[in-house]
Amino acid sequence: MAQNSRKPGYELVKGFFKENPVLVQLLGICSVLAVSNTVVNSISMGVSVLFVLFFSSLVIGLIKDLIPNEVRIPAYIVVIATFVTVADLFLKAKFPDISKALGAYIPLIVVNCIILARQEAFTKKNKLLPSILDAIGMGTGYIITILLMGIIREILGFGSIFGVKIFGSWFKPILVMILPPGAFLTLAMLIGFMNFITRKSEEKKL
Amino acid sequence: MNTIIISLLLTLALGLLSGLFLMISFKKFYVQEDPRVEMLLEALPGANCGACGYSGCVGYAEALAGGKETNAAKCGPGGQEVADKVAHIIGLDTVSIVKRVAKVMCNGTKENAVRRSDYDGVKSCRVADFTLKGDRGCVYGCLGFGDCVNVCQFGAMFMGDDGLPHIINEKCTACGKCVEACPHDLIELVPLDRKVFVFCKNLDRGPVAKSYCKVACIGCGLCVKQAPEGAMKLEKNLVIIVDAEKVDEVADKVVGVCPTKAIALDEKFAEVKTV
Amino acid sequence: MAKSTFKGGVHPPYCKYTTGKGIEKLPVPATLYVPLSQHTGKPAKPLVKRGDEVKKGQKIADADGYISACIHAPTSGKVRTIIDHPHPVLLMSDFAIVIEPDGKDEWFEEPLERVNWQESSPEEIVNAVKEAGVVGLGGAAFPTHVKISPPKDKSIDTVIINGAECEPFLTADDRILQERAKDVLWGAFLIKRAVGASRVFIAVEDNKPLAIGKVSDVIKEFPSFELKVVKTKYPEGAEKQLIKALTDREVPRGGLPMDVNCLVQNVQTAVAIYEAVRFGKPLIERVLTLSGDGARGAGNYLVRIGTRFLDVVEMTGDMSDDVIKVINGGPMMGISQYTLEVPVIKGTSGILLFTQKTARRFEEYTCIRCSKCVDVCPMGLLPLMLVDYIKAGRFTEAKEKYGLSDCMECGCCAFVCPSKINHVQWVKFGKQELRRSS
Amino acid sequence: MNEKNLVLSVSPHIRSEESVKKVMWFTVLSLAFPAASAVYFFGLYPLLVMLVSAFTAVVAECILLKLRGRDVSQCLDGSAVVTGILLALTLPPRFPLWEAALGAAFAIVFAKQFFGGIGQNIFNPALVGRAFLMAAFPVDATTWSPTRFMSPDTFTGATPLANFKFEKVLTPYKDLFFGNVAGSMGETSALLIILGGLVLILKGYVDFRLPLSYIASVFCFGGIMWLINPSKYPDPLFHILAGGLMLGAFYMITDMVTSPITRKGRVIYGILGGFLVVLIRLFAGYPEGVMFSILIVNSIRPWIDRLTKPRVLGEV
Amino acid sequence: MRPLIIFVAAAITNNFILTYFLGLCPFLGVSARVSSAIGMGFAATFVMTMTAIITNLVDHLILRPLHLEFLQMIVFIFVIAVLVQFVEMVIKKTSPSLYKALGIFLPLITTNCIVLGLALLGAMRNYNLIENTFFGFGAGVGFTIALLLISGIREELEVRDVPKALKGAPITLIIAGLMAFAFMGFSGIISLQ
């Protein structure tokens, strides 16, 4: 494990599962809960996060040596906020429906803990290439999680995927899945499941 | 165009103002932190088992960084690798450590040790011992409720059918949790290559001890005579190994004379237990 | 009469089968085992050695330190040895002086009435009590001479004679009141004199009409004495609860009765004090109740200290074969024994022999927070939280937040618990852990 | 002298006859009262719902215990059955069976076993199940049917509370008291619920302070509002007889596990719950507030316990 | 009346945590102990009230007159970042124990969506200064209430037999989910927007 961390490939994949930002590091939970009620919303949100994460890491990776340590957080945030504004304006112009559905949660990507936390925990200490790989990995991990949530919640809550009904008329949607409690419980189960698997694999290792 | 200029100016002004403000505040409220603590924490395994004697890995790391602790090899689970890393970080010499394992110093199996009563209560060694002195005749021996097994984080212990806890040497990290858990201090951390042990902690007089446990040390002292001078001693009806290396050299002799087999070779003990 | 009581408590089945059985004197057994540790505090130091001849009432072990008490030979005979022997409180073997009686039962010093014993000074009373080795006979066995000589900064105004005997099955105190009410009151008189109190309460539970009748007959001769009938409820006889019920004073947390100017003594202790002061008679025997559904000869017996439980059982008519539990004391706070070899000591108020029917075994179930334990706790604690915290190993929090050290282990919580949680065992364990860590 | 070892245990050596199983199964038995009213007014179907719900609850408990590596026999201690039946009693009389089963399973898994099983849950499992069904199948969970003694033509498809809230129609007290009204299968008959509750109180399994303070609090707060504006708000008697208040007061808020441990705490708990009932009934979007009120006080309960710790004897 | 209604709505009926999912990161970490929950609650309430005031001023005095609404987000987050870092430094200096308890979460108030969400929502709803102050304060109080309730529950759960895999974040989310069920009862009491 310790040796692996130096390989660039590892920086990319670790975010998918092993260090999944949402399920393992418990970052960015707010947006995962809030906009994962359908698959389309989930994908839009996920891609936006990936976009912002990638460019923020890129820019911050480039300029990190110039920023004094004391004001780094405000500086990071300005960079992040810039890209979020871009993403927000883009969505508003090209996909007004989705932009409406995601509401304030796109601007709130700025404060999505994932992005700032990655800058603080990784980009700050590492070289540019690993940082970018890390950003892509974490962003993908976020997409995986939010997509999973979206799929589960849409299937159970609406009986559909991408808005297409997949069950016959016999299926009765469990509406609660698309409400706040459903979001909390689904995510709790995913994290619990993740913990369970991690514990099991650790036990095996010993 | 106008908008762009105003935006730029505004952001710039805000940035300047806040930057200045923060710099001043920072100077005023500066608190010193040791960066090595974080490095140490990364090096340590993070099991928070407490084998080092501190409250978790953080405690150990802080003590090391603060210079209060100078032994880099205190981390049981981490082994040599971690010890080297830690030593490197704080600039100490590398210390080599021998693999140690926990060992239960009691052979009071269901067959060997007599029960004095029919215990009815909380199934925990510690509770049973502190409140009722346990249900076995020998109040020094294993109580058999498996407190030690329950605290083992590494799955290295299990309760055998014979009523005693057993240790899987390969999994044992010598973290010492079980040592603390045992109310009778029966578990010791010993080097893996040691051979001879006294599997008894009974301090009663010989006949009394014998009356409730077949394999009790009766304090006869025969083994002491076999061992080199000063390698073993008799204290409160119990034989104690002072110099393990010397005793191991005469292992067969020492073990051979014991009338109750309280003192035994480790392998032999393992055999007895699996029978 | 308004019956005073306290908050909480339970009503276990009382089973006072032996209340009508007169006190019978048991013969001296073939061997006596007199433990050196019979009281709270340091064990006594032996004054005799193997092979010594001793006489009845001869001091064979001396008090070691301030909180300790001396021990006397229960009969005349020869000291066989001093050896480890099962102890009825310590749950393991401890030093005991083994005496082989010679059958003559000769006094070392015949108890004779002292002149002007009623006018004894406080010092004389305390001294006589100390020399007689009297300890609290209610069960706690705290050296009495310490209790009746309070430090100078504490004044005692109320002496309470505890005849509440709230433990089920036990009737020894009840019988003492019925048969020796006057001696009890004389004892109380001496205690009052020793501590300079102004009034004496005799507290009796309202389920002992015979004792109440006897006491109210003789109490007229004692001015400033008052008979207080209290409600029958367990643990009415606990010191703090009794004080609260009778005087409405509350002993402060971690404090002693003398902090609220009270002194509580058991009825048998009062008798022992009376005998010690009037006749100089040492404490070598006590009245105890033998009962329980496994006892064939249930009754109240005057037994020599050092008589093994086994001898008591055999001399009174054996026990049924299916006895599975032997208890030293009452069923609520008594100590179960692993062998009948244990001897009667000064604090042994009863021997209970239980069969499967009474001494049921229960599996501990999860707490369902029914909070019955909270309702019955006479100390106002939260037993369920205590157990939760002790189980989690958080002993200091259990002490600071939930008053672990305030618990007196009366067992009300465990008695009512539908989940059969062993509260008392957990609490004892928690206190032990606290002691270790400090 | 027998050869067997004596039993060694810590005092007390005698115990009361109570046990968790007894408490739970007795509660099940006392549920026969409201269950009887369900059968009397709505036919045999409610019985089926109860059976399915109780059965699912037990099965779910059994599976979860097995997965968690705990003693599986615990699933028969009666607590799961109580949860199952109570959940069923709060459902509309024609509620689909599979949905009831889902609710029961949800209740056991999420509200009980995930918190550590019996005695460790924070929220009342039956009500969590009910809230889940309410959110999952809002239409089914609010579709009422007439009793066997009401003519289907006059039936408006609404409970007395909804009737009042949306139509300003009061239901006669007699019907409310005996239960000849639309509503959840077990909540309609105040009389039978009180009987069942009294049995529990007399047996000592329920502290009378809980139902009393809860009902009294609803009565008072409802009464205050009624006095302020009698034409807009219903009278307090209607408040306590209509809807699930009785069932909530005697069977839900009294749940040992989720209610406060001190007597004082229980009174505060009941008063708070009653206040919330009136608040939700009169001002919120829902006609009924019993379920929500109890779930909310459930979540406040740790603080009530914290703040009502009894005084230790001798404490100043 | 209106500021008061806004306050109650933000604190209880439209609780930020239970209905908007805002502010969950510190929520998961800090809700384990009551003592740290209280500290965090106060810190967050303070920051949120201050944020509400300052962002409102900035919005109304600078951005709107200049028609720079699209800069709202950047400016707001900037203001918040500065504010929080200032608070952090003050606490670090004045109360090390509080700093230790709140640990990593103080800087995370910056990245706490609840603060930015509050500023953005306030601007979106065109609250005036007083309304926005009450809005910020109410949201802070609501956050504190949810934090206190859940920390009370979680402290009890510490000594209970919660399945190992669910300990920590998952069980907290489950509690939040069940509480969201309960708080559904309040819907409709006061409606905003």
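Are C:W117 and C:W186 buried or exposed? C:W117 is buried, and C:W186 is buried as well (buried means under 20% relative accessible area, exposed over 50%, partly exposed in between, with a 1.4 Å probe and protein chains only).

## Basis of the report

This is a predicted model, in which local features need pLDDT of at least 70 and side-chain atom pairs count only at pLDDT 80 or more, while totals for chains, interfaces and linings use all residues. Residues are numbered from 1 along each chain as its sequence is written, chains are lettered from A and ligands numbered from 1 in the order in which they are written, and side-chain values use heavy atoms, leaving out hydrogens and water.

## Aromatic pairs in chain C

Over all chains, the whole structure holds 40 aromatic pairs (rings of Phe, Tyr and Trp, the last by its six-membered ring, with centres within 6.5 Å; planes under 30 degrees apart count as stacked, over 60 as edge-to-face and the rest as tilted). C:W117 and C:W186 form an edge-to-face pair, at 5.2 Å centre to centre and 70° between the planes.

C:W186 also pairs edge-to-face with C:F222, at 5.1 Å centre to centre and 75° between the planes. C:W186 lies in helix α3 of chain C and C:F222 in the loop between α4 (209-218) and β11 (225-230), so this pair ties together parts 36 residues apart in sequence (helices, H or I of at least four residues, and strands, E of at least two, are DSSP runs numbered from the N terminus). The relative accessible area of C:W186 is 17%, and C:F222 is buried at 5%. One aromatic cluster includes C:W117, C:W186 and C:F222.
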